[in-house]
Amino acid sequence: MLIVVVFVFATLWMPYRVMVVYNSFARKKYLDLWFLLFCRTMVYINSAINPILYNAMSVKFRRAFKNHLCCGWLNVSVKLKANEALMFDIFDLRPLHTKPPNRNVQA
């Protein structure tokens, strides 16, 4: 996953960075309007494609995005090594089994 993200980042930022390096050393600056627009579009595409790449390649990202999309109203289930589910409360990040019992519950 990291290789794909870095490759896409480098490819989409390359035109802009090459132009900046060239303009830093050249006597006559390269300021073609269409190339500047192309560079800017590539940078925007990079920003737009990052969440798509992370969603396609990372289960952790999908879970976290789903949790944030629901504004944290849902409990998040985290899988442990032994395939047992550990539930976290939304407002308190300690696992539920480590919290002190609620003594104010009326039966």
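These legends describe close-up views of a predicted model.

**View 1. The largest nonpolar core has five residues.**
Val5, Val8, Leu12, Met42 and Leu53 make up this core. Helices α1 (2–25) and α2 each supply at least two of its residues. Helix α1 gives the most, with three. In soluble globular proteins, nonpolar side chains tend to be buried together.

**View 2. Leu12 of the core and its contacts.**
Which residues does Leu12 contact, leaving aside its neighbours within four places in sequence? They are Met42, Val43, Ile45, Asn46 and Ile49. Among these, Met42 also belongs to the largest nonpolar core.

**View 3. Asn23 is buried in the model.**
Asn23 is found in helix α1. Its relative accessible area is 13%, and buried means under 20%, so Asn23 counts as buried. Not counting residues up to four places away in sequence, Asn23 touches Lys29, Tyr30 and Leu31.

Met57 is found in helix α2, which covers residues 33–57. Is Met57 buried, exposed or partly exposed? At a relative accessible area of 37%, Met57 is partly exposed.

**View 4. Tyr54 and Phe61 form a tilted aromatic pair.**
The model has six aromatic pairs in all. In this one, the ring centres of Tyr54 and Phe61 are 5.7 Å apart. Their planes meet at 35 degrees, so the pair is tilted. Stacked pairs need planes under 30 degrees apart. Phe61 is partly exposed, with a relative accessible area of 27%.

**View 5. Phe61 and Phe65 form a stacked pair.**
Phe61 takes part in this pair as well as in the pair with Tyr54. Here the distance is 6.1 Å centre to centre. The angle between the planes is 15 degrees. Where do the two Phe residues lie? Both are in helix α3 (residues 59–69). They sit four residues apart, about one turn of the helix. Phe65 is partly exposed, at 48% relative accessibility.

**View 6. Three aromatic residues form a cluster.**
Which residues do ring pairs link here? They are Phe9, Trp13 and Tyr16.

Technical notes: Residues are numbered from 1 along each chain as its sequence is written. This is a predicted model: local features need pLDDT of at least 70, side-chain atom pairs count only at pLDDT 80 or more; totals for chains, interfaces and linings use all residues. Side-chain values use heavy atoms; hydrogens and water are left out. Buried means under 20% relative accessible area, exposed over 50%, partly exposed in between (1.4 Å probe, protein chains only). A nonpolar core is a set of buried Ala, Val, Leu, Ile, Met, Phe, Trp, Tyr and Cys residues joined through side-chain atoms within 4.5 Å. Contact means heavy atoms within 4.5 Å. Rings of Phe, Tyr and Trp (its six-membered ring) pair if their centres lie within 6.5 Å; planes under 30 degrees apart count as stacked, over 60 as edge-to-face and the rest as tilted.
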